[in-house]
Amino acid sequence: MVTANLTVDQSLIHRDGDSPSTGFILRWFLRPPWVGEADLQILSVNHPGTPGLILVSAAVMEPFSRRLITLSSDDPTVDPRVEFRLLSDHRDMVRMRLAAQELFALLGNKTVRSLTRTVTLDERGTTPSDLTDETALDA
C-alpha cells in the first residue's frame with residue numbers, strides 16, 4: 001500500500017473543525033488471468049483527530065508475495081521471526097507500481113489540486129512528482 005496525505009484547503013473545513021467526509025473506493029483489475037476482480041483499490045478516509053487531513057491509499061488486495069515465518073528458539077515464549085517479503089513477487093511489484101501511478105494521476109487532477117494545499121507521501125515530504133521515474137517509484 002502507498003498512502004498520500006492531503007491537506008485540504010481551510011475553506012473546506014466546517015466551523016466545528018470537522019472535515020467533509022471523503023469515503024470512497026475505486027476498484028479495478030488487470031487482464032492477466034493471475035489476478036482477481038477488484039485486485040487494485042484506491043480508497044480515502046479522513047484522518048481521525050486531524051481536521052483537514054485526508055489519507056488516500058492505493059493497494060494491491062490479492063498479493064502473491066508470501067511471508068516467511070521461522071522459529072527463533074525452542075522456547076514457546078520467544079516470538080518467531082517474521083519476514084514479510086512485501087513485493088517480493090514480481091507480479092505484486094508490477095501491480096503496485098500501476099496502483100501508485102493511478103493514485104498519483106488522481107491526485108494530479110485539476111479539481112483535486114484545487115481543493116488541496118499539500119500532498120505528501122511520507123514524513124520526509126516526498127511528493128508524487130518526486131516519483132515520476134520508475135526506478136525512484138520502485139525504490
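Hi everyone, let's start at a turn: strands β3 and β4 form a hairpin with six residues between them, and Gly49 in that turn has a positive phi of about 80°. Strands here are DSSP E runs of at least two residues, and helices are H or I runs of at least four, numbered from the N terminus.

A quick word on the source. This is a predicted model, where local features need pLDDT of at least 70, side-chain atom pairs count only at pLDDT 80 or more, and totals for chains, interfaces and linings use all residues. Residues are numbered from 1 along each chain as its sequence is written, and side-chain values use heavy atoms, leaving out hydrogens and water.

Now, who sits beside β4? Strand β3 (residues 40-46) pairs with β4 in the antiparallel sense over seven bridges, pairing meaning that DSSP finds at least two bridges between two strands. Strand β1 (residues 2-8) also pairs with β4 in the antiparallel sense, over six bridges.

Is β4 buried or exposed? Eight of the eight residues of β4 (residues 53-60) are buried, so the strand is largely enclosed by the rest of the structure. Buried means under 20% relative accessible area, exposed over 50%, and partly exposed in between, with a 1.4 Å probe and protein chains only.

Which residues point which way? Leu53, Leu55, Ser57 and Ala59 point one way from β4, while Ile54, Val56, Ala58 and Val60 point the other way, and all are buried. That's my tour of β4, thanks!
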